Amino acid sequence: MNKNTIPLLGFITLLFLTATKARSEEPAQEKKPAVRLLTNIDVGEFGSEQLRIGDLDGDGGPDLLLVQSEYASRSITCLTALTIEGKVLWQVGTPSLSNGRIYSDLPVQIYDWDDDGENEVLYVKQAKYLEPWNITGMFPASKTRERAAKYEGSATLIVLNGKSGMQEQSFPIPAAADDCFLLADLTGRGRRGDLVVKDRYWNAWGIAHDGKELWHWSGSTGHFPAVADIDDDGKDEVFFGYTLLDHDGSVLFSKDPNTEWSSRFQQIGEKPTKKDYQRLLSTPIHSDANCIVRLASGQLRLYFGNSGPHCMQPDGKELWSGVQMGEAQHVVAGRFRRDSEIQLAIIDRTPTPDARKKRETAVADFYLFDLNGKQLWKQPQQPGDWMIGCTSVDWRGPKDLEDILVYGRSNGQPSQLINGEGKVVTEFEMLYKPDRRSQEPEAWSEPLGIRNYYVLCADVWGDARDEVILFGARGLCIYTNPRPLADPTQYNETLYTGM
Ligand SMILES: [Ca+2]
Ligand SMILES: [Ca+2]
Ligand SMILES: [Ca+2]
Ligand SMILES: [Ca+2]
(Lines give C-alpha, C1' and ligand atoms only; values in the text may rest on other atoms or scores of the structure.)
(Ligands and ions follow the chains in the order given, each with its own letter.)
Protein backbone atom coordinates (compact mmCIF):
# COMPACT_ATOMS: atom_id res chain seq x y z
CA MET A 1 0.00 0.00 0.00
CA ASN A 2 1.28 3.38 -0.95
CA LYS A 3 1.98 5.32 2.18
CA ASN A 4 0.14 8.22 0.68
CA THR A 5 -3.08 6.27 0.18
CA ILE A 6 -4.56 6.72 3.61
CA PRO A 7 -3.88 10.43 3.85
CA LEU A 8 -5.23 10.83 0.29
CA LEU A 9 -8.40 8.87 1.17
CA GLY A 10 -8.60 10.92 4.29
CA PHE A 11 -8.26 14.07 2.25
CA ILE A 12 -10.99 12.95 -0.18
CA THR A 13 -13.24 12.00 2.74
CA LEU A 14 -12.57 15.35 4.33
CA LEU A 15 -13.46 17.07 1.04
CA PHE A 16 -16.68 15.05 0.85
CA LEU A 17 -17.59 15.80 4.45
CA THR A 18 -16.79 19.47 3.98
CA ALA A 19 -18.95 19.60 0.87
CA THR A 20 -21.82 17.80 2.64
CA LYS A 21 -21.48 20.08 5.62
CA ALA A 22 -21.42 23.15 3.39
CA ARG A 23 -24.58 22.01 1.63
CA SER A 24 -26.44 21.36 4.86
CA GLU A 25 -25.41 24.77 6.18
CA GLU A 26 -26.54 26.64 3.10
CA PRO A 27 -28.89 29.33 4.22
CA ALA A 28 -32.45 28.79 3.01
CA GLN A 29 -32.41 31.86 0.81
CA GLU A 30 -29.73 30.40 -1.43
CA LYS A 31 -31.89 27.42 -2.37
CA LYS A 32 -34.33 29.59 -4.25
CA PRO A 33 -34.23 33.15 -5.55
CA ALA A 34 -35.10 35.48 -2.68
CA VAL A 35 -37.28 37.71 -4.81
CA ARG A 36 -39.43 37.19 -7.88
CA LEU A 37 -40.25 39.88 -10.41
CA LEU A 38 -44.04 39.92 -10.62
CA THR A 39 -44.42 42.64 -13.25
CA ASN A 40 -42.28 45.14 -15.08
CA ILE A 41 -44.55 47.73 -16.64
CA ASP A 42 -43.92 49.91 -19.68
CA VAL A 43 -45.08 53.27 -18.32
CA GLY A 44 -44.74 55.10 -21.62
CA GLU A 45 -45.04 58.83 -20.96
CA PHE A 46 -47.19 58.42 -17.81
CA GLY A 47 -44.52 57.19 -15.37
CA SER A 48 -44.16 59.02 -12.08
CA GLU A 49 -42.38 59.15 -8.77
CA GLN A 50 -45.80 59.31 -7.12
CA LEU A 51 -48.14 56.33 -6.81
CA ARG A 52 -51.37 55.47 -4.99
CA ILE A 53 -52.66 51.92 -4.45
CA GLY A 54 -56.28 50.75 -4.22
CA ASP A 55 -58.91 48.77 -6.11
CA LEU A 56 -60.14 50.80 -9.04
CA ASP A 57 -61.75 48.33 -11.45
CA GLY A 58 -63.98 46.90 -8.72
CA ASP A 59 -62.66 43.31 -8.67
CA GLY A 60 -61.44 43.64 -5.07
CA GLY A 61 -57.75 43.40 -5.97
CA PRO A 62 -55.54 46.47 -5.59
CA ASP A 63 -54.75 48.54 -8.68
CA LEU A 64 -52.28 51.37 -9.25
CA LEU A 65 -52.69 55.10 -9.85
CA LEU A 66 -49.70 57.00 -11.23
CA VAL A 67 -49.85 60.74 -10.57
CA GLN A 68 -47.97 63.31 -12.64
CA SER A 69 -47.63 66.98 -11.75
CA GLU A 70 -45.96 70.15 -12.93
CA TYR A 71 -42.64 70.02 -11.14
CA ALA A 72 -42.53 71.77 -7.76
CA SER A 73 -45.96 73.37 -7.98
CA ARG A 74 -48.13 70.40 -6.90
CA SER A 75 -50.43 71.05 -9.86
CA ILE A 76 -51.66 67.61 -10.96
CA THR A 77 -51.49 67.15 -14.72
CA CYS A 78 -52.26 63.48 -15.31
CA LEU A 79 -53.76 60.51 -13.48
CA THR A 80 -53.27 57.04 -14.95
CA ALA A 81 -55.12 54.04 -13.49
CA LEU A 82 -53.70 50.63 -14.24
CA THR A 83 -53.83 47.07 -12.99
CA ILE A 84 -50.77 45.48 -11.40
CA GLU A 85 -50.24 43.69 -14.73
CA GLY A 86 -49.90 47.09 -16.40
CA LYS A 87 -53.23 47.24 -18.25
CA VAL A 88 -54.32 50.89 -18.40
CA LEU A 89 -57.88 51.28 -17.05
CA TRP A 90 -58.27 55.00 -17.71
CA GLN A 91 -56.33 58.21 -17.90
CA VAL A 92 -57.30 61.77 -17.03
CA GLY A 93 -55.11 64.64 -18.27
CA THR A 94 -52.16 64.53 -20.63
CA PRO A 95 -49.18 62.31 -19.86
CA SER A 96 -45.72 63.82 -20.22
CA LEU A 97 -42.31 62.52 -19.26
CA SER A 98 -41.37 65.97 -18.00
CA ASN A 99 -44.12 65.75 -15.35
CA GLY A 100 -43.01 62.36 -14.04
CA ARG A 101 -40.39 63.70 -11.72
CA ILE A 102 -42.00 64.80 -8.47
CA TYR A 103 -40.86 67.40 -5.98
CA SER A 104 -43.22 66.78 -3.07
CA ASP A 105 -46.24 64.89 -1.85
CA LEU A 106 -49.40 65.43 -3.92
CA PRO A 107 -53.08 65.87 -3.01
CA VAL A 108 -54.57 62.62 -4.28
CA GLN A 109 -55.99 59.53 -2.56
CA ILE A 110 -58.02 56.41 -3.44
CA TYR A 111 -60.97 55.80 -1.10
CA ASP A 112 -64.62 54.69 -1.07
CA TRP A 113 -65.71 58.29 -0.54
CA ASP A 114 -69.48 57.70 -0.93
CA ASP A 115 -69.40 54.37 0.96
CA ASP A 116 -71.11 52.42 -1.84
CA GLY A 117 -68.60 49.56 -1.85
CA GLU A 118 -66.42 50.86 -4.69
CA ASN A 119 -63.46 53.22 -4.57
CA GLU A 120 -63.29 56.72 -5.91
CA VAL A 121 -60.20 58.81 -6.71
CA LEU A 122 -60.03 62.13 -4.87
CA TYR A 123 -57.67 64.90 -5.90
CA VAL A 124 -57.26 68.65 -5.53
CA LYS A 125 -57.35 71.10 -8.41
CA GLN A 126 -55.50 74.27 -7.50
CA ALA A 127 -56.88 77.77 -7.17
CA LYS A 128 -55.31 80.35 -9.45
CA TYR A 129 -52.08 81.74 -8.02
CA LEU A 130 -52.19 85.53 -8.39
CA GLU A 131 -49.19 86.47 -6.25
CA PRO A 132 -47.17 83.28 -5.91
CA TRP A 133 -44.38 82.83 -3.42
CA ASN A 134 -41.71 81.30 -5.56
CA ILE A 135 -38.64 80.14 -3.75
CA THR A 136 -36.75 81.59 -6.67
CA GLY A 137 -36.46 84.56 -4.38
CA MET A 138 -34.27 82.44 -2.16
CA PHE A 139 -32.77 79.92 -4.59
CA PRO A 140 -32.60 81.44 -8.09
CA ALA A 141 -32.45 78.04 -9.83
CA SER A 142 -35.59 76.74 -8.16
CA LYS A 143 -39.06 76.91 -9.69
CA THR A 144 -40.58 75.81 -6.43
CA ARG A 145 -43.95 77.43 -5.70
CA GLU A 146 -45.04 76.95 -2.11
CA ARG A 147 -47.92 79.36 -1.60
CA ALA A 148 -49.49 82.63 -2.77
CA ALA A 149 -50.10 85.95 -1.07
CA LYS A 150 -53.28 86.15 -3.14
CA TYR A 151 -55.39 83.56 -4.98
CA GLU A 152 -58.33 83.78 -7.33
CA GLY A 153 -61.19 81.51 -6.33
CA SER A 154 -60.81 78.42 -4.18
CA ALA A 155 -59.13 75.08 -4.64
CA THR A 156 -61.46 72.23 -5.66
CA LEU A 157 -61.75 68.72 -4.29
CA ILE A 158 -62.65 66.51 -7.25
CA VAL A 159 -64.09 63.01 -6.92
CA LEU A 160 -63.65 60.62 -9.85
CA ASN A 161 -65.36 57.30 -10.43
CA GLY A 162 -62.73 54.65 -9.75
CA LYS A 163 -63.75 52.44 -12.67
CA SER A 164 -64.04 55.06 -15.38
CA GLY A 165 -62.19 58.16 -14.16
CA MET A 166 -65.35 60.19 -14.89
CA GLN A 167 -65.97 63.08 -12.50
CA GLU A 168 -68.74 62.35 -9.99
CA GLN A 169 -68.56 65.26 -7.58
CA SER A 170 -66.61 68.40 -6.72
CA PHE A 171 -66.68 71.01 -3.98
CA PRO A 172 -64.58 74.03 -3.03
CA ILE A 173 -61.94 73.87 -0.33
CA PRO A 174 -59.69 76.72 0.94
CA ALA A 175 -57.55 78.19 -1.84
CA ALA A 176 -54.20 77.36 -0.25
CA ALA A 177 -55.14 73.76 0.66
CA ASP A 178 -53.37 72.08 -2.27
CA ASP A 179 -50.65 70.13 -0.51
CA CYS A 180 -51.43 66.52 0.50
CA PHE A 181 -54.64 65.58 2.37
CA LEU A 182 -55.88 62.77 4.59
CA LEU A 183 -59.16 60.95 5.11
CA ALA A 184 -60.24 61.19 8.75
CA ASP A 185 -63.35 60.82 10.89
CA LEU A 186 -63.72 64.32 12.37
CA THR A 187 -67.48 64.16 12.92
CA GLY A 188 -68.04 60.68 14.40
CA ARG A 189 -69.56 59.17 11.25
CA GLY A 190 -68.05 55.79 12.11
CA ARG A 191 -65.78 55.87 9.07
CA ARG A 192 -63.17 58.21 7.65
CA GLY A 193 -65.47 60.27 5.46
CA ASP A 194 -64.08 63.74 6.30
CA LEU A 195 -60.87 65.42 5.23
CA VAL A 196 -57.82 67.09 6.74
CA VAL A 197 -56.38 69.39 4.06
CA LYS A 198 -53.32 71.63 4.32
CA ASP A 199 -50.96 73.95 2.53
CA ARG A 200 -47.27 73.19 2.38
CA TYR A 201 -46.17 74.10 5.92
CA TRP A 202 -48.40 76.75 7.52
CA ASN A 203 -52.12 75.97 7.65
CA ALA A 204 -54.51 73.03 7.98
CA TRP A 205 -58.28 72.75 7.78
CA GLY A 206 -60.84 70.17 8.84
CA ILE A 207 -63.42 69.64 6.07
CA ALA A 208 -66.64 67.68 6.63
CA HIS A 209 -67.93 65.15 4.11
CA ASP A 210 -70.36 67.72 2.70
CA GLY A 211 -67.52 70.17 2.06
CA LYS A 212 -68.23 72.40 5.05
CA GLU A 213 -65.16 73.88 6.73
CA LEU A 214 -65.09 72.59 10.32
CA TRP A 215 -61.98 74.40 11.50
CA HIS A 216 -58.83 76.19 10.45
CA TRP A 217 -55.56 76.02 12.34
CA SER A 218 -52.34 77.86 11.61
CA GLY A 219 -49.07 76.40 12.85
CA SER A 220 -46.20 74.18 11.78
CA THR A 221 -47.98 71.40 9.87
CA GLY A 222 -45.02 69.20 8.94
CA HIS A 223 -45.26 67.25 5.71
CA PHE A 224 -48.00 64.76 6.50
CA PRO A 225 -49.91 64.58 9.80
CA ALA A 226 -51.07 61.37 11.44
CA VAL A 227 -54.70 60.81 12.44
CA ALA A 228 -56.04 58.52 15.16
CA ASP A 229 -58.80 58.51 17.77
CA ILE A 230 -56.53 59.19 20.70
CA ASP A 231 -59.18 59.92 23.39
CA ASP A 232 -61.54 57.15 22.26
CA ASP A 233 -64.57 59.35 21.52
CA GLY A 234 -65.09 58.01 17.98
CA LYS A 235 -63.48 61.04 16.31
CA ASP A 236 -59.93 61.38 14.99
CA GLU A 237 -57.34 63.70 16.44
CA VAL A 238 -54.68 65.17 14.14
CA PHE A 239 -51.00 64.97 15.05
CA PHE A 240 -48.68 67.47 13.35
CA GLY A 241 -45.53 66.60 15.29
CA TYR A 242 -45.18 69.69 17.40
CA THR A 243 -48.94 69.95 17.90
CA LEU A 244 -51.89 67.65 18.58
CA LEU A 245 -55.33 68.92 17.55
CA ASP A 246 -58.64 67.57 18.79
CA HIS A 247 -61.17 66.52 16.11
CA ASP A 248 -62.71 70.01 16.32
CA GLY A 249 -59.40 71.75 15.63
CA SER A 250 -58.76 72.87 19.22
CA VAL A 251 -55.17 72.49 20.42
CA LEU A 252 -54.65 69.61 22.88
CA PHE A 253 -50.93 70.36 23.22
CA SER A 254 -48.31 72.28 21.30
CA LYS A 255 -44.53 72.23 21.67
CA ASP A 256 -43.90 74.30 18.59
CA PRO A 257 -40.40 75.82 18.74
CA ASN A 258 -41.41 78.28 16.01
CA THR A 259 -42.14 81.38 18.05
CA GLU A 260 -43.79 84.56 16.79
CA TRP A 261 -45.74 82.40 14.35
CA SER A 262 -47.96 85.09 12.95
CA SER A 263 -45.33 87.74 12.24
CA ARG A 264 -42.68 85.30 11.15
CA PHE A 265 -44.63 82.88 9.00
CA GLN A 266 -47.99 84.35 8.08
CA GLN A 267 -47.16 87.76 6.75
CA ILE A 268 -45.20 88.46 3.64
CA GLY A 269 -45.27 91.44 1.28
CA GLU A 270 -46.46 91.45 -2.31
CA LYS A 271 -42.89 91.33 -3.60
CA PRO A 272 -41.07 89.10 -1.12
CA THR A 273 -37.35 89.57 -0.75
CA LYS A 274 -34.77 86.87 -0.20
CA LYS A 275 -34.87 87.78 3.48
CA ASP A 276 -38.64 87.20 3.57
CA TYR A 277 -38.18 83.70 2.17
CA GLN A 278 -35.37 82.97 4.59
CA ARG A 279 -37.70 83.87 7.43
CA LEU A 280 -40.55 81.87 5.93
CA LEU A 281 -38.58 78.66 5.50
CA SER A 282 -36.14 78.97 8.35
CA THR A 283 -35.41 76.09 10.68
CA PRO A 284 -37.17 74.57 12.53
CA ILE A 285 -40.31 75.25 10.56
CA HIS A 286 -41.44 71.68 10.22
CA SER A 287 -41.31 68.30 11.83
CA ASP A 288 -40.97 65.10 9.80
CA ALA A 289 -42.44 61.62 9.92
CA ASN A 290 -45.30 62.14 12.37
CA CYS A 291 -46.65 58.79 13.52
CA ILE A 292 -48.86 57.33 16.24
CA VAL A 293 -48.26 53.83 17.60
CA ARG A 294 -50.58 51.80 19.82
CA LEU A 295 -48.72 49.44 22.17
CA ALA A 296 -49.99 46.02 23.23
CA SER A 297 -50.94 47.60 26.57
CA GLY A 298 -53.31 49.93 24.72
CA GLN A 299 -51.14 52.96 25.47
CA LEU A 300 -50.29 55.33 22.64
CA ARG A 301 -46.96 56.83 21.66
CA LEU A 302 -46.58 59.82 19.36
CA TYR A 303 -43.36 60.16 17.35
CA PHE A 304 -41.80 62.67 15.03
CA GLY A 305 -38.34 63.74 13.87
CA ASN A 306 -36.55 67.05 13.50
CA SER A 307 -33.11 67.62 14.97
CA GLY A 308 -33.58 64.21 16.55
CA PRO A 309 -36.38 61.73 17.14
CA HIS A 310 -39.08 62.58 19.68
CA CYS A 311 -41.42 60.24 21.54
CA MET A 312 -44.40 61.55 23.51
CA GLN A 313 -47.38 60.41 25.50
CA PRO A 314 -50.79 61.55 24.20
CA ASP A 315 -50.70 64.42 26.70
CA GLY A 316 -47.53 65.74 25.07
CA LYS A 317 -45.07 64.63 27.75
CA GLU A 318 -41.71 63.80 26.15
CA LEU A 319 -40.45 60.34 27.10
CA TRP A 320 -37.02 60.33 25.47
CA SER A 321 -34.28 62.53 26.76
CA GLY A 322 -32.88 64.54 23.86
CA VAL A 323 -31.46 62.17 21.23
CA GLN A 324 -29.62 64.62 18.95
CA MET A 325 -29.33 64.20 15.18
CA GLY A 326 -28.85 66.55 12.24
CA GLU A 327 -32.16 65.86 10.51
CA ALA A 328 -34.29 62.86 11.50
CA GLN A 329 -36.18 62.76 8.19
CA HIS A 330 -37.69 59.28 8.53
CA VAL A 331 -39.00 57.71 11.73
CA VAL A 332 -40.62 54.37 10.91
CA ALA A 333 -42.18 52.14 13.56
CA GLY A 334 -42.28 48.37 13.16
CA ARG A 335 -41.64 45.02 14.78
CA PHE A 336 -38.20 44.32 13.36
CA ARG A 337 -36.81 42.34 16.35
CA ARG A 338 -38.15 40.19 19.18
CA ASP A 339 -36.16 41.72 22.06
CA SER A 340 -38.53 44.68 22.37
CA GLU A 341 -42.14 45.27 21.41
CA ILE A 342 -41.69 47.81 18.62
CA GLN A 343 -38.62 49.52 17.20
CA LEU A 344 -38.08 52.72 15.25
CA ALA A 345 -35.96 52.85 12.10
CA ILE A 346 -34.59 56.39 11.81
CA ILE A 347 -32.69 58.10 9.03
CA ASP A 348 -30.55 61.14 9.73
CA ARG A 349 -29.91 62.85 6.40
CA THR A 350 -27.61 65.51 7.78
CA PRO A 351 -25.41 63.95 10.45
CA THR A 352 -22.71 66.60 10.07
CA PRO A 353 -23.22 70.33 9.51
CA ASP A 354 -21.38 70.25 6.18
CA ALA A 355 -23.20 67.18 4.82
CA ARG A 356 -25.17 69.10 2.22
CA LYS A 357 -22.31 71.14 0.83
CA LYS A 358 -20.98 68.37 -1.40
CA ARG A 359 -23.83 66.13 -2.47
CA GLU A 360 -21.58 63.53 -4.13
CA THR A 361 -19.86 62.80 -0.84
CA ALA A 362 -22.66 63.63 1.62
CA VAL A 363 -23.65 60.81 3.94
CA ALA A 364 -26.64 59.72 6.00
CA ASP A 365 -26.83 57.64 9.16
CA PHE A 366 -29.34 54.85 9.53
CA TYR A 367 -30.40 53.87 13.07
CA LEU A 368 -32.59 51.42 14.94
CA PHE A 369 -33.95 52.46 18.34
CA ASP A 370 -36.23 50.67 20.76
CA LEU A 371 -39.31 52.35 22.20
CA ASN A 372 -37.43 53.57 25.25
CA GLY A 373 -35.01 55.60 23.16
CA LYS A 374 -32.16 53.09 23.36
CA GLN A 375 -30.02 52.95 20.23
CA LEU A 376 -29.78 49.32 19.03
CA TRP A 377 -27.46 50.01 16.10
CA LYS A 378 -26.21 52.71 13.77
CA GLN A 379 -25.07 52.31 10.17
CA PRO A 380 -23.30 55.14 8.37
CA GLN A 381 -24.29 54.99 4.68
CA GLN A 382 -21.95 55.18 1.70
CA PRO A 383 -20.79 58.64 0.52
CA GLY A 384 -23.40 60.06 -1.89
CA ASP A 385 -26.25 58.08 -0.33
CA TRP A 386 -27.56 60.93 1.79
CA MET A 387 -31.05 61.28 0.36
CA ILE A 388 -32.24 57.86 1.46
CA GLY A 389 -35.65 56.99 2.86
CA CYS A 390 -37.06 53.93 4.55
CA THR A 391 -40.33 52.13 5.09
CA SER A 392 -41.41 48.97 6.89
CA VAL A 393 -42.18 45.83 4.88
CA ASP A 394 -44.27 42.81 5.83
CA TRP A 395 -42.13 40.67 3.55
CA ARG A 396 -42.18 37.41 5.53
CA GLY A 397 -45.86 37.09 6.39
CA PRO A 398 -48.38 37.38 9.23
CA LYS A 399 -47.06 36.94 12.76
CA ASP A 400 -43.45 37.08 11.58
CA LEU A 401 -41.08 40.04 11.95
CA GLU A 402 -41.14 42.99 9.59
CA ASP A 403 -38.11 44.23 7.69
CA ILE A 404 -36.96 47.71 6.66
CA LEU A 405 -36.71 48.77 3.04
CA VAL A 406 -34.12 51.47 2.34
CA TYR A 407 -34.41 53.35 -0.96
CA GLY A 408 -33.14 56.53 -2.58
CA ARG A 409 -29.48 55.55 -2.76
CA SER A 410 -27.46 57.49 -5.33
CA ASN A 411 -27.51 56.76 -9.07
CA GLY A 412 -30.55 54.50 -8.88
CA GLN A 413 -28.86 51.75 -6.89
CA PRO A 414 -31.10 48.82 -5.80
CA SER A 415 -33.24 49.24 -2.70
CA GLN A 416 -32.18 47.10 0.25
CA LEU A 417 -34.26 44.89 2.51
CA ILE A 418 -32.62 45.16 5.94
CA ASN A 419 -33.58 43.07 8.96
CA GLY A 420 -33.77 44.13 12.59
CA GLU A 421 -30.14 43.12 13.10
CA GLY A 422 -29.07 45.60 10.44
CA LYS A 423 -28.16 42.91 7.90
CA VAL A 424 -28.99 43.34 4.20
CA VAL A 425 -31.25 40.37 3.41
CA THR A 426 -31.86 41.04 -0.25
CA GLU A 427 -32.01 43.79 -2.85
CA PHE A 428 -34.58 45.06 -5.34
CA GLU A 429 -33.30 46.47 -8.60
CA MET A 430 -35.28 49.15 -10.42
CA LEU A 431 -36.07 47.81 -13.90
CA TYR A 432 -37.15 49.66 -17.02
CA LYS A 433 -39.17 48.36 -19.96
CA PRO A 434 -37.77 49.60 -22.24
CA ASP A 435 -34.74 51.28 -20.69
CA ARG A 436 -34.98 54.95 -21.65
CA ARG A 437 -32.86 56.38 -18.88
CA SER A 438 -30.63 58.11 -21.45
CA GLN A 439 -33.59 60.33 -22.46
CA GLU A 440 -33.27 62.46 -19.36
CA PRO A 441 -34.61 66.00 -19.71
CA GLU A 442 -31.76 68.43 -19.23
CA ALA A 443 -33.49 70.18 -16.35
CA TRP A 444 -33.41 66.95 -14.30
CA SER A 445 -29.68 66.50 -14.37
CA GLU A 446 -29.05 66.26 -10.65
CA PRO A 447 -29.03 65.52 -7.77
CA LEU A 448 -31.32 62.58 -8.55
CA GLY A 449 -32.59 62.80 -12.09
CA ILE A 450 -34.24 60.05 -14.09
CA ARG A 451 -32.56 57.26 -12.15
CA ASN A 452 -34.47 58.26 -9.06
CA TYR A 453 -37.38 56.10 -7.96
CA TYR A 454 -39.53 55.64 -4.88
CA VAL A 455 -40.98 52.53 -3.24
CA LEU A 456 -44.25 51.51 -1.65
CA CYS A 457 -45.02 48.20 0.03
CA ALA A 458 -48.49 46.64 -0.08
CA ASP A 459 -50.04 43.22 -0.52
CA VAL A 460 -51.19 43.63 -4.12
CA TRP A 461 -50.69 39.94 -4.97
CA GLY A 462 -52.99 38.45 -2.32
CA ASP A 463 -50.43 36.17 -0.63
CA ALA A 464 -50.75 37.84 2.81
CA ARG A 465 -47.33 39.48 2.40
CA ASP A 466 -46.25 42.85 1.06
CA GLU A 467 -44.98 43.19 -2.45
CA VAL A 468 -42.27 45.78 -3.07
CA ILE A 469 -43.26 48.30 -5.76
CA LEU A 470 -40.55 50.47 -7.34
CA PHE A 471 -41.71 53.41 -9.46
CA GLY A 472 -40.21 56.39 -11.21
CA ALA A 473 -40.64 58.60 -14.26
CA ARG A 474 -39.42 55.82 -16.55
CA GLY A 475 -40.46 52.56 -14.96
CA LEU A 476 -42.58 50.59 -12.52
CA CYS A 477 -41.82 47.09 -11.33
CA ILE A 478 -43.26 44.86 -8.62
CA TYR A 479 -41.39 42.19 -6.67
CA THR A 480 -42.97 39.44 -4.61
CA ASN A 481 -41.69 36.85 -2.15
CA PRO A 482 -41.53 33.53 -4.03
CA ARG A 483 -41.29 31.32 -0.94
CA PRO A 484 -44.42 29.38 0.08
CA LEU A 485 -46.27 30.92 2.98
CA ALA A 486 -46.20 28.48 5.92
CA ASP A 487 -49.87 28.85 6.77
CA PRO A 488 -50.98 26.00 9.10
CA THR A 489 -54.45 25.92 7.54
CA GLN A 490 -52.75 25.01 4.28
CA TYR A 491 -50.21 22.39 5.34
CA ASN A 492 -52.37 20.76 8.06
CA GLU A 493 -55.51 20.57 5.93
CA THR A 494 -58.51 18.40 6.78
CA LEU A 495 -61.93 17.63 5.37
CA TYR A 496 -63.31 17.67 8.90
CA THR A 497 -62.96 21.34 9.70
CA GLY A 498 -64.02 22.58 13.09
CA MET A 499 -65.05 19.17 14.43
CA1 LIG B 1 -58.74 45.82 -8.97
CA1 LIG C 1 -67.62 54.61 -3.72
CA1 LIG D 1 -60.99 61.47 19.49
CA1 LIG E 1 -48.49 39.93 -1.37
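Which residue in β31 is the bridge partner of I404? In β31, that partner is I418.

This is a predicted model, where local features need pLDDT of at least 70, side-chain atom pairs count only at pLDDT 80 or more, and totals for chains, interfaces and linings use all residues. Residues are numbered from 1 along each chain as its sequence is written, while chains are lettered from A and ligands numbered from 1 in the order in which they are written.

| Partner of β30 | Residues | Bridges | Sense |
|---|---|---|---|
| β29 | 389-393 | five | antiparallel |
| β31 | 415-418 | three | antiparallel |

Strand β30 spans residues 403-407, and five of its five residues are buried (20 or more other C-beta atoms within 10 Å of the residue's own, with C-beta atoms placed from the backbone). D403, L405 and Y407 point one way, with I404 and V406 pointing the other. In a regular strand, side chains alternate between the two faces of the sheet.

L405 also turns up in the largest nonpolar core, which has 99 residues; L405 is among those with the most contacts inside it, along with L65, V197, V468 and L470. Such a core is a set of buried Ala, Val, Leu, Ile, Met, Phe, Trp, Tyr and Cys residues joined through C-beta atoms within 7 Å.

Over in β15 (residues 194-198) sits L195, which counts as buried because it has 26 C-beta neighbours inside 10 Å.

Terms used: Helices (H or I, at least four residues) and strands (E, at least two) are DSSP runs, numbered from the N terminus. A residue is buried if 20 or more other C-beta atoms lie within 10 Å of its own, exposed if 12 or fewer, and partly exposed in between; C-beta atoms are placed from the backbone. Two strands pair if DSSP finds at least two bridges between them.
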